[in-house]
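Hello,

Here is the structure we spoke of handing over. My notes on it follow below.

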Amino acid sequence: MQYLKVDNLSKRYGEKLLFEELSFVINKDEKVALIAANGTGKSSMIKALCGMEAADGGIIDFHKDIRVDFLMQEPNLNPKLSILENILFSDNPATKAILDYENALLDEENFNALSNAMQKMDATNAWDYEARIKEILFKLKIFEYNKKTGVLSGGEKKRVALAKILVNEPDFLILDEPTNHLDLDMIEWLEIFLTKLKVTLLMVTHDRYFLENICDKIIELENGKIYNYSGNYSDYIVAKEARVENEKSSVLKAKNLMRTEIEWMRRSPKARGTKSKSRISSFYELEDKAKKRVEQKAIEFDVEPTRLGSKIVELHNISKSYGERTLFEKFNYKFQRFDKVGIIGVNGSGKSTFLKIMTGKMESDTGKVVIGETIKFGLYNQEGLDIPGDKRLIEVVREKGEYIPTSGGGKITAAQLLEKFLFPRSQHFVYVSKLSGGERRRLYLLTVLIENPNFLILDEPTNDLDIITLQVLETFLSEYKGCLLIVSHDRYFMDKLVDHVFVFNDNGSISDFPGNYTEYRNKVEELKEEKQASSKKKAEKKKEEKLEAKKEPTISYEERKTFNRLEKEIEKLENKKKDIHSKMAEISTDFEKIADLQKEIRTLEEKIDEKSMLWMELGEKM
């Protein structure tokens, strides 16, 4: 069943044609990713699909009986409502019941309100729904349900918006960069959640593990055209490689054919008038094909950074706390030549603070940072660079540096660096104000690289960069002959580049793990499984010990005979006791005789108690 049909979609941005007559279909239960370079119209297409921006032409047709929800880069939340009110803002009776219940919990004195709210929860079967909501909020680390969204940070708003659409469980879900502002634990949880979720999905993401593990179809927007690929990211890479090779072959054939066609078209004007119009039209199509620029397979960066001395950067007992909260304490490390280190930890664990202390932008509470004389930092941070809109791209890069030297004695000029990072010559004199958000981030990255640092520090460099740019950046960094320190929530990016990771733990310690991110996670899971196995083993042993304690002790033959004899003797004594009671009833007026019989009963009872005690002990053993 078709859930979405897009037919002949077109969009122009000013004088620039982003795409024209695009058509594709998304069927029920498909999990689809849209891949495109920044500035190619990817955001405009998503906004058009979500009804936030009108296309210039074409049809967007969602199936009439489905519910569609979307997550945009800038979520639309009501700032006056609380987090929970924003998440549960719908006409669903269950969500209304949950809201009433949560509000009743806050009013401790109004027992009637709580009782009524609980009855509504029962009537709408909202208890399971509430548990599911709380699980999603917990995994996304949203705890202050009654906090107004107007005071939240951009990252917090993105997480609240994500929770809202996951709670609503739509039939069709559109996600624009869902992993931005999530830490690694949240990303891994979301990946598993979306994999299991029965929903039709269209997402834009640069997270290649997401594409690998979730998607079963990829749509690529390139040069204003749509290309469809079945399968996940690995399948896409193979299929695209084959397509590019076919295009190269097609272009080569077209160039050979052009020679004869050019001769034919250059004949005298008189003759041209009698020529077939269809053949002239075919010539121009062939000319376009022959001139088409085919994507290059590899980009080489033979950069020679500023020389590294013997002393790099040394961290001696550095600590940082805010109030009673300790981010990290007494951390020591000496960076080695060509160290490639990743930093991982939950949001707010002190990663960015750590970088600021390293680069001298902030003081540590204890210890000191010693920086070698030859060290030249290159810092790419989340704040970005305030680039004036009235400057041209080439001017912005040249202000930071004219060129980067290569190991062979050559140089990569500012213009060449722009080209290598996918800014064609035709764009070099475009004003910064014309760039998309992703293109601005890419330009900022070039201003860091052109200064030719020998110690690169990258704080979340993958945010707002498309996959194509990431591949170029990864190529540059893999060949980089300096020290590299990366903070990133992009697992694929970290795995390709780092040799070991600093892990920011909850207790304020920093661990140095020898391996990349996936190796670290595998080790954590391995230790977790070992711990679970150990706990299970201990529990089983404890259970066995309890069973052993309850186990029947062995009983001898003589003890068994005694048990059976006692049973008969007790029965006889009880019968004798009954007979005496009967006699006492018959001689109710002979008090002396009654007194003697009572003494006899007491003697019998003592014997019964004694024999019963021994019988019970033997019974327990049996």
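Predicted model: local features only at pLDDT ≥ 70, side-chain atom pairs only at ≥ 80, totals over all residues.

**Aromatic contacts, a cavity and a helix**

The structure has 24 aromatic pairs. One of them joins Tyr209 and Tyr492, edge-to-face, with 5.5 Å centre to centre and 65° between the planes. This pair links distant parts of the chain, as Tyr209 is in helix H8 and Tyr492 in helix H17, 283 residues apart.

Other aromatic residues group together: Phe328, Phe331, Tyr333, Phe335, Phe354, Phe377, Phe455, Phe502 and Phe504 form one cluster. Two rings have a charged residue over the face. Arg243 lies over Tyr227, at 3.7 Å from the ring centre, and Lys320 lies over Tyr322, at 5.6 Å from the ring centre.

There is one cavity of 30 Å³ or more, and the largest cavity holds about 60 Å³ of space. Strand S3 (31-36) and helix H16 (467-478) are the elements that each give two or more residues to its lining. S3 supplies the largest share, three residues. By class, the lining has seven nonpolar, two polar and three charged residues; among them are Lys42, Glu177, His206 and Asp466.

Helix H4 covers residues 111-123. Its 13 residues should span 18 Å at 1.5 Å a residue, and the end C-alpha atoms are 18 Å apart, so the two agree. Just after H4, Asn125 has a positive phi of about 55°.

Regards

Conventions:
Residues numbered from 1 in each chain as written. Heavy atoms only, no water. Helix = DSSP H or I, 4+ residues; strand = E, 2+ residues; numbered from the N terminus. Expected span 1.5 Å × (residues − 1). 1 Å grid on protein atoms, 1.4 Å probe; cavity = no way out; pocket = protein on both sides within 12 Å on 5 of 7 lines; lining within 4 Å. Points joined across faces, edges and corners; volume = space filled by probe spheres on them. Nonpolar A, V, L, I, M, F, W, Y, C, P; charged D, E, K, R; others polar. Phe/Tyr/Trp six-rings, centres within 6.5 Å; stacked < 30°, edge-to-face > 60°. Lys NZ or Arg CZ within 6 Å of the ring centre and 35° of its normal.
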